[in-house]
Amino acid sequence: MAERQYDWKAIAKNPKFVELHHKKTAFLFGWWIFSCVYYFLLPIGAAYTPGLFKVKIIGVVNFGYIFALSQFFVSWGIALYYSHVANKDFDRLTRELIDELHL
Amino acid sequence: MTIKKIFIAASLALSVAAAAYAEEQKAPAAGAAPAMSAPAAQGAPAATAAAPAPNAAASVATPAPATPAPAKKELKTNRTITIGMFLVIIAITMGVVVWAAKQTKTASDFYAAGGGITGTQNGWAIAGDYMSAASFLGISGLISLYGYDGFMYSVGWLVAYITVLLIVAEPCRNAGKYTLGDILSFRTSPKPVRAFAALSTVAVSTFYLTAQMVGAGKLMALLIGIPYKLSIIGVGVLMVGYVVFGGMVATTWVQIIKAGLLMAGAFLLSFLVMIKAGFNPIGFFSTIVGSPEIQDHVSKLVLKDGVILSGVDAGQRFLEPGLYLKNPLDQISLGMALVLGTAGMPHILMRFFTVPTAQAARKSVIIAMFIIGGFYILTTLLGFGAAIHLTPQGITSVDPGGNMATLMLAQQMGADIAPIVGDLFLAFLCAVAFATILAVVSGLVLAASAAIAHDIYVNVIKDGHADQHEQVFAARLTSFVVGACGIMIGLAAEKQNVAHLVALAFAVAASGNLPVVILSLFWRKFNTAGVISGLLVGTIASISLVMVSPNMTYPKVVAEGAKKVIVAMEKKQAALPAGQSLSEKDAKALAKAKVDAQQTGTSMVGLDKPLFTLKNPGLISIPLGFMAAILGALAFPNRRSEEMFDEVYVRQNTGLGMAKAVEH
């Protein structure tokens, strides 16, 4: 396949691309920071607030256990939400951009 | 083609020979058993490192329980069935290799399966690549012995994939080709950057591979009694065979098969555990708290910290943090290495080049996250189930590190249906462990060979002027050499403590690779100097911090501990009524302590005691890696790199110009 030449600078300045870039950056780094904070609360909480982790919630199951388990569901939730937004928004913007450039 | 046939025949013959040889040596496992704190090396990467040496001494030092020390037990596998299952796995994977070899014609086929793997397939392959025997055996073992902490430990391994999903997967798919070097060299001086990227890839892969190989050898010895050296050679030959002949296609399918087997085994075993618990999770946890054996086990654990607990309180303590992971800073440090290191692992990054689009890369991470997360949740059931049904005392009597917990549980759960079912189930899980080892080591060998053959040979030495035939030949030859080196390192490292190497691999990936990948993709001013200083400082900082950390053996510290044991034992002997002597276990501990107390000298780098108190260097080395990368780039600005940022950024976001990357 012959390689096409693109005017990368022009594409980078295209309003559609700028919109895509802003939306993506805010979404990706925002949720990444959220997931890191949520994760590090686990070892930090286990070490420094053992009292809270011992509180029994359902039967003998305590807060610490439910919090650790919630990490799995929060991670999956972020993954699914990202997939939803990316499929709906980011991919659509990308397609529109490519159509506009007549590529 | 002929060479291939000879090779396959040779590896089959070797496996059969291994089995036959083992058959002659009846009960070699008994001899191997005392050394078994070593698979802990493989099990539970960083954390278990603590367990073998100091804890073993401590547990001996605690006043002996009233109950006699349990006799040394071992896991009895049914050899015929187990070896039969191993042969089935070898046969299936060899079939895959023959099929894959026919499709591997170009460099793109060899390194990236021609970009022809679907998102779903890649998701399973990522899971297969990532979940090592440490996850499979080590984490459930930790849970069975230390409860909550084992579960907490497993969380970071999944959360790590958020970074992969949000930050690296899609941009790497769009901007890369086969290796880390491809991503980094896009807008920098390709030669030096590729050379350093290849070095760092080889370093990470070697650390990880060594830990896997040594673990594999010990595990095989324990499971079916094949001697260590023979196991290493057998695993190594298979691994080289998969990669050399089948390239990425075969590696991918070996990983998919392994992930499928692993999930099937974990699911089935959890199902059996839940049947016993009447599908009542709350009741399941109440059983843990109420188990007298677990209560007894926990009281002894906390007694070492000077805490007295008994009865239900001790049982409840099993569900609370702090029985195993006692240094929060070390935990945070490990967490950082996992969350950032997974996304910098060359063998994981490489998987994203096998799918055709960014959408497929995204889908594959999400599928992998569900498989990996689901697996760790099942692991909790297995670990706690093992604690209930086998008791922590029963588990430690087979392996002090708890690595055999899942396998013992499988045998018992099956045997409750019928004895033969127990043997079959155990054999099946042993075969899964075997497939797990093969899948992980193959991925590592492929990543290391890609770095050497594609980055160093084709692009640095040959300036990118090599035809497809030459590229594939170079790739195969390199894989062969890398695999052979892996076998040699595995043989040489038998007696070494390799537990810290997995954590080290993640630390190097997090401190060296990830900062430069992120900055290359997202920072306009990033350039050659930044890549090189980031890679160098991150890698060197992690390695040096580990060299001066408590992971190393410090003879004088060992001698100190041994002296304490001697004092405790002598006190105990004095307290005994006249004419009685210490129990056999205590007497042995005393004899060992007397030998250890004679130890003198310094650690590998000439230290009396650790300079750096954390086992995981991430907390320090990751910020250093980022700082070095940023400062390096700022100190030597480069206009061309800045001008090319628009291209990189547009490419990674849109996938435009990817034809160049796929090259079909």
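What follows is a chat about this predicted model.

Me: First off, what are the ipTM and pTM scores of the model?

Reply: The predicted model comes with ipTM 0.93 and pTM 0.85.

Me: And what pLDDT does chain B average?
Reply: The average for chain B is 83, and 88% of the residues score at least 70.

Me: Where does pLDDT stay under 50 in chain B?
Reply: One stretch is residues 12-71 of chain B, where the model still has 117 contacts beyond four places in sequence. Another is residues 659-664 of chain B, with nine such contacts. Where pLDDT is low, the predicted coordinates should not be read in detail.

Me: OK, fold next. How many helices and strands in chain B?
Reply: Chain B has 31 helices and zero strands.

Me: How much of chain B is buried?
Reply: Of the 664 residues in chain B, 60% are buried.

Me: Let's do helix pairs. At what angle do H13(B) and H23(B) pack?
Reply: Helix H13 (residues 228-276) and helix H23 (residues 468-492) of chain B pack at about 165 degrees, and their axes are 9 Å apart. The two helices, H13(B) and H23(B), are therefore roughly antiparallel. The crossing of H13(B) past H23(B) is right-handed.

Me: Which residues make that contact between H13(B) and H23(B)?
Reply: On H13(B) you have Lys229(B), Ile232(B), Ile233(B), Gly236(B), Met239(B), Val240(B), Val243(B) and Val244(B). H23(B) puts in Arg476(B), Ser479(B), Phe480(B), Gly483(B), Gly486(B), Ile487(B), Gly490(B) and Leu491(B). By class, the contact of H13(B) with H23(B) comes to nine nonpolar, five polar and two charged residues.

Me: What about H12(B) and H25(B), at what angle do they cross?
Reply: Roughly 20 degrees: helix H12 (residues 190-224) and helix H25 (residues 528-547) of chain B have axes that come within 10 Å. That angle is under the 35 degrees cut-off, which makes H12(B) roughly parallel to H25(B). The H12(B) and H25(B) crossing is left-handed.

Me: Who's touching whom between H12(B) and H25(B)?
Reply: From H12(B), the contact uses Pro192(B), Val193(B), Phe196(B), Ala197(B), Ser200(B) and Ala203(B). From H25(B), the residues are Thr528(B), Val531(B), Ile532(B), Leu535(B), Leu536(B) and Thr539(B). The contact of H12(B) with H25(B) divides into nine nonpolar, three polar and no charged residues.

Me: One more pair: how do H10(B) and H19(B) cross?
Reply: Their axes come within 9 Å and the crossing of H10(B) and H19(B) is at roughly 175 degrees. H10(B) and H19(B) are therefore roughly antiparallel. Their contact has 15 nonpolar, seven polar and three charged residues.

Me: Switching to the interface. How many residues does each chain put into the contact?
Reply: Chain B gives 43 residues and chain A gives 49 residues. On the chain B side, the elements that give two or more residues are H10 (148-175), H14 (281-290), H17 (328-341), H19 (358-390), H30 (645-654) and H31 (658-662). H10(B) gives the most, with 12 residues.

Me: And by class, how does the chain B side divide?
Reply: The side of chain B that touches chain A has 26 nonpolar, 12 polar and five charged residues.

Me: Backbone check: what's the phi of Ala113(B)?
Reply: Near 50 degrees, which is a positive value in a residue other than glycine. Most residues other than glycine have a negative phi.

Me: Where is Ala113(B), and is that residue buried or exposed?
Reply: Ala113(B) sits in the loop between H7 (107-112) and H8 (119-130) of chain B. Ala113(B) is buried, with 27 other C-beta atoms within 10 Å.

Me: What about the phi of Thr391(B)?
Reply: Thr391(B) has a phi near 65 degrees, again a positive value in a residue other than glycine. Thr391(B) lies in the loop between H19 and H20 (392-398) of chain B. With 19 C-beta neighbours inside 10 Å, Thr391(B) counts as partly exposed, because buried takes 20 or more.

Me: Last one, over in chain A: where is Gln5(A)?
Reply: Gln5(A) is in the segment before helix H1 (8-13) of chain A. Gln5(A) counts as exposed, with 7 C-beta neighbours inside 10 Å. From Gln5(A) to Ile58(A) is 53 residues in sequence and 62 Å in space, C-alpha to C-alpha.

Notes: Residues numbered from 1 in each chain as written. Chains lettered and ligands numbered in written order. Predicted model: local features only at pLDDT ≥ 70, side-chain atom pairs only at ≥ 80, totals over all residues. Contact = placed C-beta atoms within 7 Å. Helix = DSSP H or I, 4+ residues; strand = E, 2+ residues; numbered from the N terminus. Nonpolar A, V, L, I, M, F, W, Y, C, P; charged D, E, K, R; others polar. pLDDT = per-residue confidence, 0-100. Axes fitted to C-alpha atoms, helices over the stretch in contact; angles between N-to-C directions. Parallel < 35°, antiparallel > 145°, perpendicular 65-115°, else oblique. Left-handed = near helix turned anticlockwise from the far one by under 90°. Buried ≥ 20, exposed ≤ 12 C-beta atoms within 10 Å, placed from the backbone.
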